[in-house]
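Please consult the sequence and the structure shown below while reading.

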Amino acid sequence: MVLANDTAELNDDLIANLLDNGYKICVSKHIRRLDKNDSIRKLKQKLQSEVDKQDQINKDNNKSGAKGTSYTIDRRASNIREQLDRLNIESNELFEVALFVSCSAKTKEELDEVKDFIKQKAETSQVKLVACYYQKNGLQSLVPFANKVDNSANEYLLTEACAIIIPFS
């Protein structure tokens, strides 16, 4: 499983809860600091993507006569605007974060139980994890000293949000 792309903050309680059990679960974190100019550019691109999605929804709604906007897209756009403001004003850095969670079990029933456990712990921490269907890329991102292969699994967190998940910081 991999961290979904709409998480504004990540709590270390999630990682502790995932690892504090009898299941065979592996958590791999990939964290990379981004240059300030690249950070601003990436966030602006992400914001524009959300605005474009909202515009498309509005066009579709106008055609069908419906009214309203997507709360999820509005919330994501608002979070991105807040990140941009905090990045410009404060001495914050932006970090590219990928969180991979792997589990194993002897039977399919046990695997389903572990998967449900992971999803429940993620929901409790208000984090969305989604299944990674590229098994080879996921495995290559998990093994010790691995390089992150799945580039779609990036989330952008500011200094405070990222510092929580870095041990001994």
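E50 and K53 are separated by about one helical turn, because the two residues stand three positions apart in helix 2; helices (H or I, at least four residues) and strands (E, at least two) are DSSP runs, numbered from the N terminus. Their side chains meet in a salt bridge at 3.5 Å, N to O, the term denoting a side-chain nitrogen of Lys or Arg within 4 Å of a carboxyl oxygen of Asp or Glu. E50 counts as buried at 6% relative accessibility, whereas K53 is partly exposed, with a relative accessible area of 38%. Here buried means under 20% relative accessible area, exposed over 50%, and partly exposed in between (1.4 Å probe, protein chains only).

The model is predicted: local features need pLDDT of at least 70, side-chain atom pairs count only at pLDDT 80 or more, and totals for chains, interfaces and linings use all residues. Residues are numbered from 1 along each chain as its sequence is written, and side-chain values use heavy atoms, with hydrogens and water left out.

A search of the whole structure finds seven salt bridges, including those tabulated here.

| Salt bridge | N to O distance | Location |
|---|---|---|
| D38 and R41 | 3.5 Å | helix 2 (residues 36-64) |
| E50 and K53 | 3.5 Å | helix 2 |
| K108 and D112 | 3.3 Å | helix 4 |

Salt bridges with shared partners join E50, K53 and R76 into one network.

Helix 4 (residues 108-124) also contains D116. Together with E109, E110 and E113, D116 forms a negative surface patch. Such a patch is made of residues with over 30% relative accessible area and no salt bridge, like charges being joined within 9 Å. D116 itself is partly exposed, at 47% relative accessibility.

The structure holds one aromatic pair. The ring centres of Y23 and F117 lie 5.1 Å apart with their planes at 55 degrees, so the pair is tilted. Rings pair if their centres lie within 6.5 Å; planes under 30 degrees apart count as stacked, over 60 as edge-to-face and the rest as tilted. Y23, in the loop between helix 1 (12-19) and strand 2 (24-34), is 94 residues from F117 in helix 4, and the pair links distant parts of the chain. Y23 is partly exposed at 30% relative accessibility, but F117 is buried at 16%.

Overall, the protein chain has six helices and five strands, and buried residues make up 37% of its 169 residues.

Conventions: Patches are made of residues with over 30% relative accessible area and no salt bridge: like charges are joined within 9 Å, nonpolar side chains (Val, Leu, Ile, Met, Phe, Trp, Tyr) within 5 Å. Accessible areas come from the Shrake-Rupley method with a 1.4 Å probe; for residues, only the protein chains shown count as cover. Lys and Arg count as positive and Asp and Glu as negative; His and the chain ends are not counted. The place of a charge is taken as NZ of Lys, CZ of Arg, CG of Asp or CD of Glu. Rings of Phe, Tyr and Trp (its six-membered ring) pair if their centres lie within 6.5 Å; planes under 30 degrees apart count as stacked, over 60 as edge-to-face and the rest as tilted.
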